[in-house]
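Please read the points below beside the displayed coordinates.

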Amino acid sequence: MWSKRSWSKRLWRSYLRSAERMMKLFRIINATFLLGSTAVILVLISLFTPLFSQAVVYLFTLLPLPNMPSTAMSTPPTAYVVLGGGLTNDHNNQIILNSYSLNRARTAATAYHDLPLPIVLSGAEAPWLGQWLIEHGIDGLISENASMNTCENARFTAKRTPLYHVYLITDSYHMARARRQFALNGINSTPINAPLPVRRDWMEPAKNLSHSRRAVYEIAAYLRDVIRPQTNCRQAKDVTSQQLLTPRGNAAKTADD
């Protein structure tokens with residue numbers, strides 16, 4: 001009789017311990033769900049404010065660059081490199097710089113007037129960038145017309161002219177990915193951020209969302225470059241020096257890839 005009661009007590013205690021563990025597990029799951037849901041909601045809300053895009057830009061500045069030759073690390077910048085941001089058409093259906101490229105040209109002009117250095121124009125937009133800069137009294141231009149994406153910007157710039165350290169001009173979202181590609185090709189870079197066409201504004205959720213979309217795109221593109229580099233990036237040996245100098249009439253009319 002005593003043995004049966006003792007066995008029942010042990011069974012009951014085991015049941016209580018199991019129930020207590022299950023309750024703790026349910027509390028942890030519930031807390032995790034609540035925290036996760038709150039985090040997701042906050043992130044979604046932040047997409048419509050300047051916070052998300054500003055945080056992404058800040059985190060991009062913390063990313064390390066690949067190792068570069070000691071010469072690239074020890075020499076000062078000797079040129080500006082302007083990356084094209086796309087082309088568009090005007091009301092007369094003439095090809096012109098889009099707002100991304102135009103802001104980069106303006107940024108290059110301002111930097112050049114502060115410190116005159118050779119300017120390297122990289123991408124299919126190079127002839128239009130060059131024309132704009134010439135019209136604004138700037139010479140010393142070196143064009144690389146063959147590249148179609150950021151990876152080719154870096155490879156073909158390195159082939160076009162010997163450079164170790166440059167001032168790199170693009171927008172702040174694109175900068176981390178561009179600097180990484182240039183570092184992979186032995187070129188150190190000091191960033192000069194060109195503004196985006198649309199400014200952040202706490203009172204303009206739609207404008208903030210456009211920045212957030214740009215930030216998300218660059219996060220995905222950066223991860224792609226690191227994990228699975230794009231296959232449409234030609235090697236420097238795939239293009240001739242003459243091709244680097246030859247403007248292309250059928251240039252892409254979109255923001256940089």
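1. In α6, the residues T150, C151, E152, N153, A154, R155, F156 and T157 are buried, where buried means under 20% relative accessible area, exposed over 50% and partly exposed in between, with a 1.4 Å probe and protein chains only. Helix α6 spans residues 150–160 and is mostly covered, eight of its eleven residues being buried. Its buried residues pack against β1, β4, β5, α7 and α9 (241–245), contact being taken as heavy atoms within 4.5 Å. Helices (H or I, at least four residues) and strands (E, at least two) are DSSP runs, numbered from the N terminus.

2. A word on provenance: this is a predicted model, in which local features need pLDDT of at least 70 and side-chain atom pairs count only at pLDDT 80 or more, while totals for chains, interfaces and linings use all residues. Residues are numbered from 1 along each chain as its sequence is written, and side-chain values use heavy atoms, with hydrogens and water left out.

3. In helix α5 (residues 126–135), the buried residues are A126, L129, G130, W132 and L133. Seen down the axis of α5, these fall within an arc of 165°, so they line one face of the helix; the arc is that of the directions from the helix axis to the C-beta atoms. The face turned away from that buried side carries the exposed residues I134 and E135. The cover over the buried residues of α5 includes β1 (80–83), β3 (95–97), α4 (99–114), β4 (119–122) and β5 (141–144). Just after α5, G137 takes a positive phi of about 80°.

4. Strand β1 is covered on both faces, with Y80 and V82 buried on one side and V81 and L83 buried on the other. It runs parallel to β4, to which four bridges join it, and parallel to β6 (residues 165–171), to which three bridges join it; two strands pair if DSSP finds at least two bridges between them. V82 stands opposite L121 in β4, and its bridge partner in β6 is I169.

5. The largest pocket is lined by 14 residues, of which F60, T61, M175, A176 and R179 lie nearest its centre. The elements giving two or more residues to this lining are α2 (50–62), α7 (172–184) and β7 (188–194), and α7 gives the most, with five. On a 1 Å grid over the protein atoms alone, a pocket is an open set of points where a 1.4 Å probe fits, with protein on both sides within 12 Å along at least five of seven lines, and lining residues have an atom within 4 Å of a point.
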